[in-house]
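Reader: Hi, I have a structure open and I'm new to this. Can we walk through it together?
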Amino acid sequence: MAEPLLRVDNLVRRFGGIVATDHVCLEVGRGELHAIIGPNGAGKTTLISQLTGHLAPHAGYIYLAGRDISRLPAYRRSALGLARSFQITSLLPDFTAADNVALAAQAHDGHSFRFFANARKEPQLRAAAHAALERVGLGHRADVPVVRLSHGEQRQLELAVALATRPQLLLLDEPMAGLGVTESASMVKLLSELRREVGIVLVEHDMEAVFALADRISVLVYGRIIASGTPEEIRKNDEVKRAYLGDQHVVVKHG
Amino acid sequence: MKSSLNAQTIAAAALVAALLLLPAYSSLTGNIFILTLFTRIVILALAAVSLNLIMGYGGMMSFGHAAYLGIGGYAVGILAQEGIGSGYAQFAVALAASALFALVIGALSLRTRGVYFIMITLAFAQMAYYVASGLARYGGDDGLTIYKRSDFGGLVNLSDRVQFYYLCLACLLAVVFLIWRIVNSRFGLVVQGLRSNEQRMQAIGFASKRYKLVCFVIAGTLCGLAGALLANNTDFISPAVMYWTRSGDLMVMVILGGMGTLFGPVVGAVLYLVLEELLSQLTEYWALIMGPLLLLVVLFGRGGIMGLLGRLNRG
C-alpha cells in the first residue's frame, strides 16, 4: 500500500499525571474524510495541536505524505501542506475578510520581507483571497472587517483561510460549533465538496454531520483510540456505545 | 474611517502645517525659545514614532527604547571627541550601532513575551545606561560636551537654528512616510497579524520570530537617528538620556497620541512636551497635574487622542 497522507504512530502527550494522548495511532488517506469523535476532555484538541505543531508530543511520530514532521515548527508544517481551523475562532479581528485570506496566500508566496509596496494592491494575492472566499460562499463579504461578520461567517472564513494555504491535509477543529441549522447544513455541503480535493481530519460534536460526512471514524476516550472504522462499524461497536454514545444518553437523561 | 477627510486626517494635516510654519512665526515674533523647544519636540516625536512601530503595530511593549537615543547620541559624541566631525560618518555609525544593539537585544528579548518582554528590554536599556556611566574617557556620569555639531559640508548647517529645525522635521516626516509604507506592505501586514494572533500566523505558515526581530531592528535604527539629532541639539550627551524614565516618557507619548496610528505619536509628543513646558512654568509640582491628566486620557480616551478623534467621525 502506498504511504498514507497522514500517519500518526504511537503519539503520547501527558499533562502532569494525565495522559491526554495515549499511544494514538491514526492513518488518513488522500481524499479521505476522517472524523475524530469523543466526549469532552477526551483529548481531541490536544491531538490536533500536536498535529499542527503547537504542542510537542512526548513520544511518537507524525508523518505527512511519508515525511517525518514530528519535530517541525508549525510554520514549516504549514509550508508542507498542513492547514488548521481553530476551535475558538481566532481570526485577525481588525482586518477585513479578504485581508485575512490574502495573508494566508501571502504566507505561501515566498518571504514577506517586502517593505514598500502596498500588499493590499497585489493582484495575485487578492485574486487568491477572492477565490477562497467564493469557495466558502463569502465572496460578497470580502471587504467587511472580521468583527462585523456573524459567528457563522467567521467559521466559513476560518475555512477560507485554511484553503488559501493550498493544503494537502485540513485539520478542522469543530467547524460546526455554534452554527445555526441552516449554517450547519451549508457547512456540511461545503465539506462534502472539499473532501474530493484534500484529506480532512474532522473533530466534531455534531454526530449527524459526522456520520453523514465521514469515510472513517476514530473514537477517542481518555486519550486512547478505542475504535476506528467506517460509520457503520462504529455505530454497531458495543464498546463505543458503552463508552461514548452511552454516556451521552445518561447526560441527556439527567440534563 | 471611510471618508478621507476625517477628523484624524485634518488634525494630522494641521499639525504638519503648524510645524512647517513654526520658524516663520518664531522669526516674526522674535521668539527663539519656541523654535528651540520645538526642535526638541520634533526629535522626540521621531523617537516616539519609531517606538510606535513595535509597540503600536507590532504589539511589542519595549520599555527600553531610550537606549537607542543614547547609542545614537554617543556615536556622534564619541566620534566628535576623537576628531571625526563628518556628519555622514557620525550618522552612519549612529544608525549601524543602534541596529546592531537592537539585533542583539531583540534576539534575546523576543524569546519572552508580555511582562517578561517589558522587563528584559528595560534591563538591557539600564545596562546600556550603566555602561555609558562607566565610560570615563567620555565623561562618565557627567556626560560629554560636543564642541562641534555634525558637519555635512555645504548641504546643511546644523549650527543654524532654522536649518537644523527643518532637518529634524524632514527626518520626522520621512520616517512617518516610511512607516506608512511599511505598515501597508507585506511585511507590515505580517507584523500586525502577529500582534493580533501569533499562533494563527504560525499556523498559516509565517516564521513569526524573524519578522518580529526585523521589525524590532527597524524601530531601533530609526530611534538611533533621533539620538544623533538629539545630541546635536543639546551639544551634549549623557547617560541620563537612556534612563528608564526616558523610555517611559516615550511610551506615554505613544499611548497619549494613539498606539498604532500613523500620526498619533507625533500628536502625543507635541502635547506631552508642551504640557510639560507650560505646567512647569506654572508650578514646580507640575507632575502632580500631568499625572492625573494622563490617567484621564488612558482611562477614558481609549486609543489616545487619535482614538478620540476617530470616535468623533463615527459619532
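Reader: What is the mean pLDDT of chain B?
Author: This is a predicted model. The mean pLDDT of chain B is 94. In that chain, 98% of residues reach 70 or more.

Reader: Where in chain B is confidence lowest, and where is it highest?
Author: Lowest is helix α13 of chain B, residues 304-314, with a mean of 83. Highest is helix α3 of chain B, residues 66-81, at 98.

Reader: And what about chain A, what's its mean pLDDT?
Author: Chain A has a mean of 89, and 94% of its residues reach 70 or more. Over residues 249-255 of chain A the pLDDT is below 50. That stretch has zero contacts in the model beyond near neighbours in sequence.

Reader: What ipTM and pTM does the model score?
Author: The ipTM is 0.84 and the pTM is 0.89.

Reader: New topic. At what angle do α11 and α12 of chain B pack?
Author: At about 140 degrees, with their axes 8 Å apart. Here α11(B) covers residues 264-282 and α12(B) covers 286-300. That angle makes α11(B) oblique to α12(B).

Reader: Which residues meet there?
Author: From α11(B) come L275(B), E276(B), L279(B), S280(B) and L282(B). They meet W286(B), I289(B) and M290(B) in α12(B). By class, the contact has six nonpolar, one polar and one charged residues.

Reader: Now the strands. What order do they take in chain A's open sheet of four strands?
Author: The order is β2-β1-β4-β5, with antiparallel pairing. β2 (18-28) and β5 (67-68) of chain A are the edge strands, and each pairs on one side only.

Reader: How many bridges join β1(A) and β2(A)?
Author: Seven, in the antiparallel sense. β1(A) covers residues 6-15. R7(A) stands opposite E27(A) in β2(A). F15(A) stands opposite I18(A).

Reader: What links the two strands, how many residues sit between them?
Author: Two residues, and the strands form a hairpin. G16(A) in the turn has a positive phi of about 60 degrees.

Reader: Last one. Which strands does α1 of chain A lie across?
Author: Helix α1(A), residues 44-52, lies across β1, β2 and β4 (59-64) of chain A. The helix runs at about 60 degrees to β2(A).

Notes:
Residues numbered from 1 in each chain as written. Chains lettered and ligands numbered in written order. Predicted model: local features only at pLDDT ≥ 70, side-chain atom pairs only at ≥ 80, totals over all residues. pLDDT = per-residue confidence, 0-100. Axes fitted to C-alpha atoms, helices over the stretch in contact; angles between N-to-C directions. Parallel < 35°, antiparallel > 145°, perpendicular 65-115°, else oblique. Contact = placed C-beta atoms within 7 Å. Nonpolar A, V, L, I, M, F, W, Y, C, P; charged D, E, K, R; others polar. Pairing = 2+ DSSP bridges.
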